[in-house]
Amino acid sequence: MRSREKLYQNIKSALLISLIILSSYFYLPMPSVSGFSLQTVFINLTALVLSPWQGFLTIGLWILMGAVGLPVFSGGGGAGKLFGVAGGFYWGFLIAVPLMSRLKGKDINFWRYFISLLTGLVAEHLFAVLFMCLHNSGNIIAAFTAVSLPFVTGDILKCIVSAFVAVRLNKRIQ
């Protein structure tokens, strides 16, 4: 039974990585540092469907795939994406996913999911702003204006969608 459960978790991880990659190809370019994509929805679902450790490994594998040059991120892949002006989001996902997964709790609950996603959103944006400060001589206001402010409303809406989908999905798969 243990190996069957492990296989099931690995299949969920593989499916979520695939969905994250596919969703990164459907994005709208914006004049700021990166475009608008549904990638965040599937990052959020990774946190709400997997355990904290499994979520960390899943996002870590996705980042590793991008680091070696596979086109898994919005706009491509490679170290340039991870260490470019929007790279903080990728590193923020690595920290935020296990955090959100831990905060979601054991019960399937929309509001608990939503609050955990908002907490993760703060972590993601914090990483993005701090990372952007490395590229703009430490100007935190300019960094916030460039990489966080334009995306906050859309990201909150993605949190609502993710929480709603995760409630329905978790009721089916658990």
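Visitor: Where is lysine 104?
Guide: Lysine 104 sits in the loop between α5 and α6 (110–135). Helices here are DSSP runs of H or I with at least four residues, strands are runs of E with at least two, and both are numbered from the N terminus. This is a predicted model, in which local features need pLDDT of at least 70, side-chain atom pairs count only at pLDDT 80 or more, and totals for chains, interfaces and linings use all residues. Residues are numbered from 1 along each chain as its sequence is written, and side-chain values use heavy atoms, with hydrogens and water left out.

Visitor: Is lysine 104 buried or exposed?
Guide: Lysine 104 counts as buried because its relative accessibility is 11%. Buried means under 20% relative accessible area, exposed means over 50%, and partly exposed is in between (1.4 Å probe, protein chains only).

Visitor: What separates the C-alpha atoms of lysine 104 and lysine 81?
Guide: A distance of 29 Å, with the two lysines 23 residues apart along the chain.

Visitor: New topic. How many salt bridges does the count come to?
Guide: The count comes to one salt bridge. The rule asks for a side-chain nitrogen of Lys or Arg within 4 Å of a carboxyl oxygen of Asp or Glu. Side chains of opposite charge can pair when their charged atoms come close.

Visitor: Which residue pairs with aspartate 155?
Guide: Lysine 158, and the closest N and O atoms of the pair are 3.6 Å apart. Aspartate 155 and lysine 158 are three residues apart in helix α8, so about one helical turn separates them.

Visitor: Are aspartate 155 and lysine 158 buried or exposed?
Guide: Both aspartate 155 and lysine 158 are buried.

Visitor: What about pockets? How much space lies in the largest pocket?
Guide: The largest pocket holds about 640 Å³. A pocket is found on a 1 Å grid over the protein atoms alone, as an open set of points where a 1.4 Å probe fits, with protein on both sides within 12 Å along at least five of seven lines; lining residues have an atom within 4 Å of a point. The volume is the space filled by probe spheres set on the points, which are joined across faces, edges and corners.

Visitor: How many residues line the largest pocket?
Guide: The lining has 24 residues, and Gln9, Val49, Leu50, Ser51 and Lys106 lie nearest the centre of the pocket. Elements that give two or more residues to this lining are α1 (2–24), α2 (39–49), α3 (52–67), α5 (87–103) and α8 (152–173). The largest share, seven residues, comes from α1.

Visitor: Where is phenylalanine 73?
Guide: Phenylalanine 73 is in the loop between α3 and α4 (79–82). Phenylalanine 73 counts as buried because its relative accessibility is 1%.

Visitor: And serine 137, what is its phi?
Guide: Phi of serine 137 is near 60°, a positive value in a residue other than glycine. Most residues other than glycine have a negative phi. Serine 137 belongs to the loop between α6 and α7 (140–147), and counts as exposed because its relative accessibility is 79%.

Visitor: Last one. Where is tyrosine 27?
Guide: Tyrosine 27 lies in strand β1 (residues 27–28). Tyrosine 27 and leucine 38 are 11 residues apart in sequence and 7.1 Å apart in space, C-alpha to C-alpha.
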